[in-house]
Amino acid sequence: METIETITSIKPLLAVLISLLVVPILVSSRTPNVREAWTFVAAIAKFLLVISMLPVVLNGAEIVYTVAEVLPGVAIKFRVDAFGMLFALVSSSLWIVTTIYSIGYMRGLKEHSQTRYFCYFALALSATIGVAFSANLLTMYLFYEMLSFATYPLVTHHQDREARSSGRKYLLYIVGTSIAFVLPAMMISYSLAGTLEFSGQGFLAGTSSKEVTILLLVLFLFGFAKAGIMPFHSWLPAAMVAPTPVSALLHAVAVVKVGVFSIVRVLTGVFGTDLLLSLNLGTFIVYLASFTILVGSLIALSQDGLKRRLAFSTIAQLSYIVLGVGLLSPKGITGGVVHIAMHAFGKITLFMCAGAIFVATGKKNISEMVGIGRRMPITMTAFFIASLSIIGLPPCGGFLSKWYLVLGSLEAHQMPILFVLLTSSLLNAAYFMPIVYKAFFCTPQEAMFENTVQEAPLFCVVPLVITAIISIILFFYPQPFFRLADIMVRNITGM
Amino acid sequence: MTDLVSTIIAKYNYWIYITLMMIGLYAMIAKNNLIKKIVGMSMFQTAIILFYVSIGVKKGATIPILEYSHGHGHDTQLVVHAADYVNPLPHVLMLTAIVVGVATLGVALALSIRIYDRYNTLEEDEILTQIREEK
Amino acid sequence: MKIIGLIISVLTGAMLVYAAADFPAWSDPSSPASTYLSPHFIEKTMEETSVPNIVTAVLADYRSFDTMFETAVIFSAGLVCFFLLRTTRRKESETETTHYRHTLTGVTIQIKEGHTLPPSDEFERIDSLWTPSGLIIKTSCRLLVPFIQLFGLYVIAHGHYSPGGGFQGGVILGASIIMLAISYDLRTIIERISEKMVAVLCAVGVLIFSGTGALCLLLGVNFLDYNALAPILLVDPLTARSHAILIVEIGVGVAVMTTMIWLYCNLSSAGKYNQGL
Amino acid sequence: MIWQLDLAILTLVVITGIGALMVKDLLGAAILFGAYSFMMCLLWSIMGAVDVAFTEASVGAGVSAVFFVAAVFRTTRRTKD
Amino acid sequence: MSQQYPALLVVVPLLSAMIISIAGWVNKRWCFPIAVAALGVAACSSVGLLLQVLDQGKVIYLMGGWPPPMGIAYYIDHLNGLVLPVVSIVALLNLIAAKKSIEQQFPDKIGPFYSLYVLMVAGLLGIVATGDAFNLYVLLEIAALTGYGLLAMGEERAPLATLNYLYMGTIGACFYLLGVGYLYIVTGSLNMVDIAGILPDLYQSKAVLAAFIICMVGVWLKMAFFPLHAWLPNAYTYASSAATGLIAPLVTKVMIYVMIRLMLTVFTPAFVFSFLNVSDAIVWLAVIAIVTGGVLALAERDLKKMLAYIIVAEVGYMVGGAWLGNRDGMTGAILHIVNDALMTLCVFLVVGNIVYKVKSYAFENLQGLFRKMPFTMGAFVIGAMSIIGVPPTCGFFSKWYLITGAIAAGHYAFMAALLFSSLVSVVLFFRVFEICFHEPFSDNHGHDHHSEAMDEAPLSMLVPLLIVAATLIVVGLYTGVIVNQIIQFAIPASLV
Amino acid sequence: MDTIFLYSSLYLAFLMLLSLYRAVLGPTVLDRMIGVNAIGSKTTVLLIMIGLLYHRVDMFVDIALAYAMLNFIAVLAASRYFHKRKGLYDEEP
Amino acid sequence: MDIIVCVLLFAGLFFFTGGAVGILRFPDFYSRLHPAGKLDTLGSLLTMTAFALYNLHHFSLGALLTSSKMILIIVFVFVASPTATHAIVDAGVRAGLEPWTSGEKRR
């Protein structure tokens, strides 16, 4: 195994803290314009900080920063490696886009408590980057919990009864599983291995028996309920009561991807591929993921609420990533990891479209959207592109990741998985295409729309156009993500 | 049998202190009247004092005040044998304990007066009924 | 509750009986308690503190730190009672009615709050539950009280040589005042010894004790190490200990006396300070 | 230590204690509690603890019984047990 | 002066309690500055002591200059060196924070209140510092008596609850005294270290066993450990917020310190863990305590009582941790004394602020508090996070040690109970947050919520609160230092 | 002489038992007061006797003196109660 | 000397016995006060005198002081005991206790 060059730098901490530091400014700023300007500044600064670390990582080095040693052998420590970089890149870049979109959305609907909204948004982003850059399980757990609590006020933003019950469900699933499953699993790992530091080959290897390993695996898989693996998925549709930008960023990018990211990190950094392979646990993960993919897609078919359909789609898509890593083959892992990015850009576009439709027309259900494509052509075009990406058709980024997944399943000699992937792609098409079809090619019934319906405000439309375009660009220029995934695969497989 | 009897006799004080203490404890738990409980509490404390004082007793010893003849002052060096005097340390401790007992008694009585002002009874069950009815 | 109480006490008692089997026999001169620590006190008290009453010596010198807090306990009991019971503001529903008695005719009149008494010397203020004053009781108490107080002072001062000391003397002094309060009425006492004075004296008593200790501390030795007081008391260190014990006992006496009065006044008038037992 | 007297007084103490708790009248309980203190005082002096006896005498006879009576005076004599 | 720290620690508060009492009759305005100054001196000397202990190890102070078995000595080692600053600083912060509410609640009894307050702190500090078993009892009583006074001045039901506390507290203290007597009868000594030196020959004695059981039961009564907890919730709920701010964080914690002191110093781990075979049973009791505390807290509909039941559960944490019988568990218990004191202070200060402004702590009156008092609620969130055990707040780390200890001891039920308690805390606190977050539901499901103006507590209450909240995180981050520099030395090497 | 004192003290203890009967079972509170008062006067004597048995009577006489003084207060307080509160058995609520 | 002491002591004990029996056997409160008030006082007087005399056996200044203290006790009892008795009677009268007349049930 090659030694990895490490560089000590405070940049990761800054990247985490910058959105935290901006919160007091947000609270104290008097006018909305100032407030949003600051958010924007913070978003861009964060993105620049992340980008500035990209070259180092692409060169195969890692950036390390230790904040404090809180327990013997365990510190609150940041480490920027390829995988974290990939995730940080996606989330920080999408924050900028979402900020723009939020401004449009929140102002468009004249939402209350906008200051609070932006504050917690910033907090959530801090936590996300924190998870991405964490060097050990404890730090990851810290930011994971911080994210759970920071997003609660966002989910219950409307402060009505529905929001309250959804908020309860959200917390129950997310925090409950993390305390009940992740915490003990983490403690057990610590007492077994005496460390929590992620390492390329996992630190559990050779320290635990098979039964304990399986127990830990199950605890970790279900513990990170943000990943939405069934049966711990039902918080995700419930959380769709949140304002759309929240759904867009948090439930397409930050929260759910943090869950998946954590699972992948744990599978690779704690267990290590070798251990999983030797115990043949990959198969278990893969079948679990396949089940979620299929069932999630099937449920998505029957949903009428647009956001709920997207939510179930997300559940299914997240399991692609888990599945990819679970295949334990280099191609599979690459596919899974890159899917984080591809799916993020696709799904955020879809959510933004849903939000834009809501802002413009106030409609939430698919059955009410007949013919909407004629009124809002830009939005619906973006929607079409994004759904292509999700289905996995060229010329969109989603195709590449899916392609790698298929290759990976072949490489791992898992023929059933191939069928799962193909079936689910068909299902994806089956639940997205009708929307597009109805939107563009059916005529609306009378009095369905008021005559004044136009495109949503500019602040809403621009971001979704940007992300849709990026989805296409990623098909042609996916190199940064693949480079990062390659470095990561090389790290964990030792090749 | 004689062994048992001699044990009982030899530690008579200890058995009585246990009895008294249990009477006090029982009163504190089982009595319904607040002042009765305070009486029980005082008995409980006295029983412990009895225990301590019993520790200090020494066969054939006198009270822990040195035989001191007035007028001679410090000149006469007295030879004092420890075995001649009762152990003074438990007495000291128990002086403190008695004081604590009086202090606790005062506070407890003050509290019961406050309670009576409010509920017009000192029976615990009646007070609890009143509280429940208020809700 | 009765059954629970019975079970608990029987269980505890059984455990204690079980443990008592291992005690040294009662009044055994060779038990550890009698041979380990106490011989030092008994044999060395005289040369180390020059106080023949070992209990006093241990109480006020060897373990004076305990005693200081014991005084503080008494003080805090008085303070807590005051804190809990003393009512300075009445409930709005109650209007104060004061009772007066015409000394010549024996007619009792009630005066509602806000009204005033006709200016006359012939009225004396009485309790609401007035009873004719018991002449016998009053007289005999008046006779006894000075002696009791004198005896109380003797007990405080003579604590070095005989049983007694600050605490006992203080209680006797306090009891004598309580006796006056019982045989006359509470107002008589409060008029002579105001509440403020009682409260302040109570604190002063503890202050004398802990202040003596703190003085030692200021003089550069450990807290309550009376040897350091020798230059101030103008005696040799050994006598200084004895004298310091006396000072300390006086502090205890003052604190205890006033606390007893304070407690009694608060308890018997339920904090209203108008009329008592 | 005078063990014969000790036994006698100990028995009396227990009787007085039970009596103080059984009396169905708080004033009576207060008075009997005073008697309990007397016994205790005797007991201490029998065991040679003169200072403790002195304290108990002054506190038990002079003060705590009076406090009890004062408290009963300010509350009630009624008790159910 | 530095060698006089142990005396200053206790004596300065004692003296100033008297002076405050006098000042209360002369000029009420002097009371508060004197009290703050006294506690400030106590806090400084406790910190100084801690530094001294870190520097040179054990500090022994002879009261009256008499050598230990004769006189009373204060032993300051790493264990109480750690607890002393916590006690004094918590008391000081709460005093500053409570000034306004004291003036609001007892306008004519300011003097006695401050006097009792400072006296109680003196008692608590003494309990922690003393090395004499009987002296501990006296100090216990002084802390208890003043505590009764402070607790009883509250709502209408406070006197009854306090009287119950008084009964239980007296039984507890008397049991402790009895246990000391049992030790005295077999060893002849009252000095803790001295007793520990004599005891090893007497392990077989039934009297020592009984002494241990009685002491433990007494201490458990005072700390409201599970079957003996019935007095605590009412007593803490109905008291004034100034009093609970002092008593809730400190009294149970100090009693747990006493328990640990008895286990480690007096009876020595060899006796407690090797000779006696009861650890398992007590850890099971702790498990039940944690679960019952949590479940009972769920049933409550007002904030203060809920927190009181959480204290019951927290006591279970510490007792269980101490009885796990290994180093990690003991470390967790000691660390949790510090952390729990701080986080309980935090939440009770929040309650104080809420009561000051809203005049109620029932759930239904808390609506819209996040908007009304954002800073108070922010601190509340941090406190709650700490109680739940979310990193990087300090509560997480003590829980971490406790769980590590449980795993090492193979006591998985205790681990499960800790996790369960965390989950219950999440439910408990988010139920409160939900109520505070949502404003009264209006019928029109609209986005136009009538916005209430911010109505924050006064600065003198807010600043200590925010300091405590920040401390929660700082202490969490410095856990490694605390454990490595202090707690490690507080546990005897014989405990593996 | 010591024997005489010892047995007379035991006899006094027996007499106390008789008084105690009245104190515990006396039908009214006042009977109890009589009983306790009688016990009190015997206690004073007993204290001196104990002192004589210890051969340290100078130490015990103070206690007896204090006792004689203070015993009086409790009785006074209890009788004072009836001066202010009417009714022998229970008071009207 | 010892004989005088013994006589006084036994006389005192005799009166004490009378007092105790009287308290036990008399039918009502008022009648019980008689033995309690008078006989106990007399018993105290006699026994105390006996002790005072006995104490002077080994004559010294301290013994004289002690004996005089005992006399002081007697004086005290002579003042306090009647007062106490008076107070109790007073209480009985105020409490409305009817004196017993012959033929009634014993109380």
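Me: How should I read C346(E): is this residue buried or exposed?

Reply: C346(E) counts as buried, with a relative accessibility of 0%. Buried stands for under 20% relative accessible area and exposed for over 50%, with partly exposed in between (1.4 Å probe, protein chains only). Before we go on, this is a predicted model, in which local features need pLDDT of at least 70 and side-chain atom pairs count only at pLDDT 80 or more, while totals for chains, interfaces and linings use all residues. Residues are numbered from 1 along each chain as its sequence is written, chains are lettered from A and ligands numbered from 1 in the order in which they are written, and side-chain values use heavy atoms, leaving out hydrogens and water.

Me: How many disulfides are there over all chains?

Reply: The general idea first: a disulfide is a covalent bond between the sulfur atoms of two cysteines. The test here is a pair of cysteine sulfur atoms within 2.5 Å. By that rule, the count over all chains is zero. C346(E) is in no disulfide, and the nearest cysteine sulfur, in C394(E), is 9.3 Å away.

Me: Let's turn to charges. How many salt bridges does a search of the whole structure find?

Reply: Side chains of opposite charge can pair when their charged atoms come close. The cut-off is a side-chain nitrogen of Lys or Arg within 4 Å of a carboxyl oxygen of Asp or Glu. With that test, the search finds 25 salt bridges over all chains. One of them joins E103(E) to K99(E), at 3.3 Å from N to O. These two residues are four apart in helix α3 (residues 78-105) of chain E, about one turn of the helix. A helix here is a DSSP run of H or I with at least four residues, a strand is a run of E with at least two, and both are numbered from the N terminus. E103(E) is partly exposed at 35% relative accessibility, and K99(E) is partly exposed as well, at 24%.

Me: Which chains does the salt bridge between K42(F) and D40(G) join?

Reply: The side chains of K42(F) and D40(G) meet at 3.7 Å, N to O. K42(F) sits in helix α2 (residues 29-54) of chain F and D40(G) in helix α2 (residues 29-55) of chain G, so this pair joins two chains. Both K42(F) and D40(G) are buried. A further bridge, at 2.9 Å from N to O, links D62(F) with K69(G). This pair also crosses between chains, from helix α3 (residues 57-84) of chain F to helix α3 (residues 61-95) of chain G. D62(F) and K69(G) are both buried. In chain A, salt bridges with shared partners tie E62(A), R79(A), D81(A) and R265(A) into one network.

Me: Which pair of chains has the most contacts?

Reply: Contact means heavy atoms within 4.5 Å. Eleven pairs of chains touch, and chains C and E have the most contacts among them. Chains E and F do not touch, with their nearest C-alpha atoms 21 Å apart.

Me: What about backbone angles: where is the cis peptide bond of P392(E)?

Reply: The cis bond joins P391(E) and P392(E), with omega at about 5 degrees. P392(E) lies in the loop between α16 (374-388) and α17 (394-409) of chain E. Positive phi is another thing to look for: N120(B), not a glycine, has a phi of about 65 degrees. N120(B) is in the loop between α4 (89-119) and α5 (124-134) of chain B, and is exposed at 51% relative accessible area. K359(E), also not a glycine, has a positive phi near 65 degrees. K359(E) is in the loop between α14 (327-358) and α15 (369-372) of chain E, and at 56% relative accessibility counts as exposed.

Me: How many helices and strands does chain A have?

Reply: Chain A has 19 helices and three strands. Its radius of gyration is 21 Å, close to the 23 Å from the globule rule for 495 residues, so chain A is as compact as a globular protein of that length. The radius is taken over C-alpha atoms, and the rule is 2.2 Å times the number of residues to the power 0.38. Of the 495 residues of chain A, 66% count as buried.
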